[in-house]
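Me: I am new to this structure and would like to learn how to read a few of its features. Please show it first.

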Amino acid sequence: MIIKTSMNRRQLLAVSASAAALSMPFVRRAAAADEIKVGIVLPLTGPFAEAGQLQKAAVDMAIEDINAAGGIQSLGGARIVAAYGSYQTDVSEANTETERLLHQEKVVGIIGPYASGVALAGTELAERAQVPYLVPNALADAITGRGLKYAFKTVPHVSQFATDAGALLAELGKKSGQVAKNVALVRPDDFFGNVVGEQFNTKLPGVGLEIISDNTYPNNASTMEDTILQLRGANPDVVLATGEPAAITLLFQQLAELAYWPKLGWIGVGGGYTNPITHKNLAGLSDGVIVINDWFPQIKRPGAAEINKRFTERTGVDMLGNANTTYAGVWIFAEAIKKAASADPKAIRDALAGLSLTEGVPMFMYEKVEFDDTGFMKYAKNVAAQIRGGKAEVIWPETLAVGEAQWPVPGWDKR
């Protein structure tokens, strides 16, 4: 049976145009004064929500600053807007949100997340969609070590934290005459903690440090007494540790109660040790701890003090705990859109790969912004700060330091 239909020329042209559009790949473009939607994947609820909410505050502040400065001027002043994807801890939950941002929200790129496991999975999804994914927080080396073309990372690798801990301890030993020969590790038994354990066990012997005790604890630990007893028995020169604010708070409260302190000092590595909420909660118990991270507010870099001041007025805490890297990451992504002069994800990806910045807002953290062939930011480096009065004061390297290190750090009975 043949059914006849009639169609005028205008209808025929409309249908032909629709069919042509459906046969073409979706391209995200922005015209003058349009909004450019960027996906943000963060843990805004659940156990990591404190960190996630600080990162969200940094994203919101960066977007406000960029838009107030005229938006993306190469696209007629197009404004950046954020489309948030929230997860708690589960990678599959984060993947669902990432897929939604990619295929329903049709974002031009994604910035995030907090955890390395989520970043490893999310960058794979973005690679398949050919949408750039900028990682300004998660530290695992493998994020940019898998041949992905759309994954970019602006923070140091975990392996750098290990080698930098060795370099820092060597310099502290040289200046004080108290040379660390061995260390103990304290880390959560989770994805990131295990990445830290793997990298530190691999790298530290190469810088002359023997690991005499490697201690893990569950993320939901209700006591840290077993870990402290293990440390007391091992009697290390230095403890190198990572963890989240709640676990660190419990650990230091019990360290003080049980009057244990390592011979020379305690060094925190990224994560919760950089979170200002940790040191606020500890109310002086963490004073003397040295923290290795990529940035601290009290540092010799242009714009650092002013940006931190505005963030502190906004949130009540310093721009730490990954808020700084998130703020810088949004600016870097905006610079790539500006360079691309397009909201096409592939054009933005190419612009990120070819980006070379030596001035502008990101210089509050970096001497230069430039990515290598793997997508890793070549100028992502670590510094070290010592907690004094709940604040982190940069002590290493000397070119960025604003104070001298106290080393060794005295035990509880001498503070």
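Predicted model: local features only at pLDDT ≥ 70, side-chain atom pairs only at ≥ 80, totals over all residues.

Me: What is the order of the strands in the open sheet?

Reply: Strands of a sheet pair through backbone hydrogen bonds, either parallel or antiparallel. Helices (H or I, at least four residues) and strands (E, at least two) are DSSP runs, numbered from the N terminus; two strands pair if DSSP finds at least two bridges between them. Here five strands, paired in parallel, follow the order S2-S1-S3-S4-S5. Strand S2 (79-86) and S5 are the edge strands, each pairing on one side only.

Me: Which residue in S3 stands opposite isoleucine 40?

Reply: That residue is isoleucine 111. S1 (residues 35-42) and S3 (residues 110-111) pair in the parallel sense over two bridges.

Me: Where does asparagine 137 lie, and is asparagine 137 buried or exposed?

Reply: Buried means under 20% relative accessible area, exposed over 50%, partly exposed in between (1.4 Å probe, protein chains only). Asparagine 137 is in the loop between strand S4 (133-135) and strand S5 (151-153), and counts as buried because its relative accessible area is 3%.

Me: Which residues does asparagine 137 touch?

Reply: Contact means heavy atoms within 4.5 Å. Leaving out residues up to four places away in sequence, asparagine 137 touches Gln55, Pro113, Tyr114, Val155, Asn322, Thr325 and Thr326.

Notes. Residues numbered from 1 in each chain as written. Heavy atoms only, no water.
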